[in-house]
Amino acid sequence: DTQVSSIIASIQAKSSTVVNFSFAVKNKGFKKARISFDDTPITFDNDYYFVLNAAPTIKVLHLFGQATAGRYVPTVFDNDSVFAFRSFSVSNVDIGQFKTSNLVVLEGVQNIDGSIKTALQDFVRAGGSLFVIPSQSPDIQSYNNFLGVFNIRGIQSKVITQTDFTPLAEPVKTSPFFIDIFDNSTQKELLQMPNQGGVLSWQAMGDKLLSFRNNQPFLTVSNAGKGKVYLTASPLDATFGDFARNALFVPIMYKVAAMSVRQEPMAYSFEQNTFTVEVNDIPKTASFKLRKGKLEIIPVQSLNGKQLTIELPKANQLADNQSIESGYYELVLNGKVERLVAFNHDNKESMMDFYSIDELKSIFNGNKNVQIFDKIDDADFVKTFKDQNFGVALWKYFLIAALVFLATEILLVRLMK
């Protein structure tokens with residue numbers, strides 16, 4: 001209910017345009033927002049409701065086999081309130097924690113097998129992000145077996161010395177991954193790239209984020225089901241290079257974490273039969289309610305891991321005094337508001353399309369109770385409608401005549417006396 005930005009746009013009929021609104025969001029959490037159109041004389045459906053989730057908490061799980069002396073991963077994530085960071089030895093972790101994590105950083109694990117392997121594969125398929133940092137002496141067969149299901153193949157190990165170190169090639173600064181890491185002032189500047197050696201080489205599946213000067217991959221990202229898998233060519237330890245101490249390391253790790261959060265729609269349409277949101281630490285027997293003001297309904301719902309799917313009720317499933325309107329709805333569990341969602345009616349109702357007279361006559365042909373009026377001004381419509389349907393109103397004349405006869409009768413009675 002506070003205007004934070006405005007813009008004037010000229011849009012042709014049955015077309016679209018893109019405009020940018022600049023505004024600041026204060027504090028974290030769900031923020032109610034709407035775009036209001038002033039398009040006189042069109043005054044219906046001029047509000048589009050949506051919800052912004054400002055700075056959502058990113059849950060990062062760090063699993064280590066051979067922890068680096070510099071503790072680079074904990075240093076990046078453990079001192080920022082944006083992240084909920086947890087770190088465990090890979091041999092002492094509850095794999096049930098994968099379900100509530102956005103990003104898992106697997107560092108220095110020599111063999112990726114057993115229950116950890118299966119749990120991580122399920123985590124990625126369900127939409128999680130996995131960042132793999134190899135150990136100093138990785139078991140290549142286990143790495144190939146684990147990453148092969150994500151189409152990352154041909155992994156080989158290399159023995160390197162510091163004489164094999166080479167600077168990494170500069171990244172493509174305009175790529176989707178780096179576009180918001182470098183501002184306009186640094187787009188043309190030469191970067192001090194890390195001097196690095198790699199213990200792994202592989203067929204570059206997915207996007208190469210960083211590579212060696214010979215075009216061999218150093219850091220790649222691959223789409224795997226609903227999730228992503230990041231793979232680096234060497235450990236973070238200083239004996240394998242200075243990537244972890246380079247200025248690129250922190251923004252890259254932050255960007256990986258930010259991209260691990262599932263991007264949910266800011267608004268939903270009533271035309272959708274179902275919608276899915278992410279919830280955390282919710283028992284399967286939980287029953288959510290949708291609430292808007294005095295309206296409170298318990299929709300059909302199902303919970304699969306962190307994904308809560310809700311089926312919107314149809315109009316005939318509501319009580320007589322209930323109606324679903326555009327706006328903000330609270331998702332409530334045991335009296336506590338878990339999150340906000342916004343709903344809008346389909347924008348087809350705003351299409352300024354009208355039937356022609358011939359189309360109307362064709363549609364209602366044979367319907368004697370339907371009349372079609374053509375070429376009538378708005379001011380004359382009521383009079384014309386009454387004339388055609390009610391004829392001339394004679395009751396006034398009969399009432400006047402009755403009063404005249406009554407007066408005449410009274411006069412005659414008095415004169416006769």
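Biologist: In this predicted model, what is the bridge partner of Ser211 in S12?

Modeller: The partner of Ser211 in S12 is Pro217. Strand S11 (residues 207-211) and S12 run antiparallel and are joined by four bridges.

Biologist: What makes S11 and S12 count as paired strands?

Modeller: Pairing requires at least two bridges found by DSSP. S11 and S12 have four, so they meet the definition of a pair. Five residues lie between the strands of this hairpin, and Asn215 takes a positive phi near 75 degrees.

Biologist: How do you know that S12 also pairs with strand S13 (residues 227-232)?

Modeller: Six bridges link S12 and S13 in the antiparallel sense, and at least two are needed for a pair. Thr220, for example, has Leu231 as its bridge partner in S13. The hairpin of S12 and S13 has two residues between the strands, and Gly225 in the turn has a positive phi of about 65 degrees.

Biologist: Why is strand S12 (residues 217-224) called largely enclosed by the rest of the structure?

Modeller: A residue is buried when its relative accessible area is under 20%. Seven of the eight residues of S12 are buried, and therefore the strand is described as largely enclosed.

Biologist: Why is Phe21 called partly exposed?

Modeller: Phe21 has 34% relative accessibility. Partly exposed covers values between the buried limit of 20% and the exposed limit of 50%, so Phe21 belongs to that class. Phe21 is placed in the segment before strand S1 (29-36). Together with Val4, Ile7, Val19, Phe23 and Val25, Phe21 makes a nonpolar surface patch of about 470 Å².

Definitions and conventions:
Residues numbered from 1 in each chain as written. Predicted model: local features only at pLDDT ≥ 70, side-chain atom pairs only at ≥ 80, totals over all residues. Heavy atoms only, no water. Patch = residues over 30% accessible without salt bridge, like charges linked within 9 Å, V, L, I, M, F, W, Y side chains within 5 Å. Areas by Shrake-Rupley, 256 points an atom, 1.4 Å probe, with all protein chains shown as cover. Salt bridge = Lys/Arg side-chain N within 4 Å of Asp/Glu carboxyl O. Buried < 20%, exposed > 50% of the residue type's maximum accessible area, 1.4 Å probe, protein only.
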